[in-house]
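Please look over the sequence and the model below.

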Amino acid sequence: MEDNACLPLGPAAWQPVRFPMPTLKFAVLAGDYIGPEVMTEALRVLEHVAQQENLTLSYTKADVGGAGIDNHGKALPDSTLKLCEQSDAILFGSVGGPKWEKLPPKEQPERAALLPLRKHFTLFANIRPGLLYRELTDASPLKTERIPDGIDIVCIRELTGGVYFGLPKTTTTLADGDVQSIDTMVYKKSEIERILQVAITTARARKKKLCSVDKANVLETSVLWRKTVTEYCAKHAPDLALSHMYVDNAAMQLARDPNQFDVFVTENMFGDILSDEMAVICGSLGMLSSASLGAGKNSLGLPFGLYEPAGGTAPDIAGKGIANPCAQILSVALMLRFSFGLDAIAKRIETAVRSAVTGGTRTGDIAFGKPSVGTRAMADAIIANL
Ligand code: IPM
Ligand code: MG
């Protein structure tokens, strides 16, 4: 077996792929607004790489989000879910936007498509690399002297627990006529341990530094979180430098000195918020990819996963051909790494994106006064670097 899977992120237990190269069987759920625009370019990059590397692609497109509502009456159509079940990975675009905002909250694309997909496939581990190239520090709202070498950190977010999914989740009118809503924050020790395992493996492959973020001065779930992390790491990861931080402080520290973190791990809602902060200090949502991995293995024995850009559907720029396709293209790289065991090819794509951007080809969101190019030309520049 060829060792071509030196994973910079994620569980070491994930197997390197066997040769000959597998067929890459995945579902393509582009979604809404800029979703399909950036997806087209990401697939073009992948087709190019596949040809160079002799990979066989077998992907099928399906509606999700607003497109699902418009064409099938449901944000996550049954046919789409079935396709995902028959695939080895999901390449996801983004969903939602003004067109569907008047629907009841439970039927809206984000809540009715993305969250159920995460839950259905138990995609509990959300890996969000926060990467800002040194050459792109002018794109960050942080002063360059604070990040002279750019930013290179990783957020590991628990994705299927906490207040997003806890029950009861209700809104009721009380006897006195007042209205009350309840969300419930729940965590089990086992859920904390399994996300921690991903964080530990990620930290081991990097600087052996792990920061666990919680709110243990207030929340019961955070008290359990901190106790579990402390005990588990003492027993299973004494080689790591472990620290704990309250989430309010972590938000501040991210803006003050992001590189003091290397890998941080946190619960669902804190990770949602901190990862958006991470995105903005890294210059643009248009540059950040993410992988959501589950407990389940695909037909290759590798983790089934959903790969999506961190940014949204950007309705304001949809249809103009100017969206930044880099995050979607980098999400393809993560899919190759985690769900197909093709780390070396993933690195080729990541290097090509970096070379294109640092070579001066930039979409509007990262141009900052310099000349900018459209979605297609950005992808062309990346392909030229492959
Ligand atoms: C994210 C998004 C989603 C989340 C929304 C769209 C439901 O913000 O992936 O971070 O909150 O998880
Ligand atoms: Mg978010």
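This is a predicted model: local features need pLDDT of at least 70, side-chain atom pairs count only at pLDDT 80 or more; totals for chains, interfaces and linings use all residues.

Residues are numbered from 1 along each chain as its sequence is written, chains are lettered from A and ligands numbered from 1 in the order written, and side-chain values use heavy atoms, leaving out hydrogens and water.

**Domains**

The chain splits into domain 1 (19-123 + 286-386) and domain 2 (141-281). These bounds come from an automatic or database domain assignment. The two centres, taken over C-alpha atoms, are 25 Å apart. Domain 1 brings 8 residues to the contact, and domain 2 brings 8 residues. Contact here means heavy atoms within 4.5 Å.

About 790 Å² is buried between domain 1 and domain 2, and carbon and sulfur atoms give 68% of that area. Buried area is the accessible area (1.4 Å probe) that two parts lose on being put together, summed over both. Between the domains, 1 residue pair is in polar contact, with both residues at pLDDT 80 or more. A polar contact is a pair of N or O atoms within 3.5 Å; within protein, one must be able to donate a hydrogen and the other to accept it, and residues adjacent in sequence count only if both atoms are side-chain atoms. On the side of domain 1 that touches domain 2, helix 4 (residues 109-120) gives the most, with 4 residues. Helices (H or I, at least four residues) and strands (E, at least two) are DSSP runs, numbered from the N terminus.

**Two buried residues**

Ser331 sits in helix 9 (residues 326-338). Ser331 counts as buried because its relative accessibility is 0%. Buried means under 20% relative accessible area, exposed over 50%, and partly exposed in between (1.4 Å probe, protein chains only). A polar atom of the Ser331 side chain lies 3.3 Å from the backbone oxygen of Glu308. Beyond neighbours within four places in sequence, Ser331 contacts residues including Leu91, Ser289 and Tyr307.

Asp214 belongs to strand 8 (residues 209-214). Asp214 is also buried, at 0% relative accessibility. Its side chain makes a polar contact of 2.8 Å with the side chain of Arg226. Outside four places in sequence, the contacts of Asp214 include Trp225, Arg226, His244 and Phe270.

**Salt bridges**

The structure holds 23 salt bridges. Each one is a side-chain nitrogen of Lys or Arg within 4 Å of a carboxyl oxygen of Asp or Glu. Across the interface of domain 1 and domain 2, the count is 0.

| Pair | N to O distance |
|---|---|
| Arg44 and Glu41 | 2.7 Å |
| Glu41 and Arg376 | 3.6 Å |
| Arg134 and Asp149 | 3.6 Å |

Arg44 and Glu41 are about one helical turn apart, because they are 3 residues apart in helix 1 (residues 34-53). Arg44 is partly exposed at 23%, while Glu41 is buried at 5%. Glu41 in helix 1 and Arg376 in helix 11 (residues 375-384) link distant parts of the chain, 335 residues apart. Arg376 is partly exposed, at 47% relative accessibility.

Arg134 and Asp149 both lie in the loop between strand 4 (125-132) and strand 5 (151-158), 15 residues apart. Arg134 is partly exposed at 46%, and Asp149 is exposed at 58%. Shared partners join Glu41, Arg44, Arg376 and Asp380 into one salt-bridge network.
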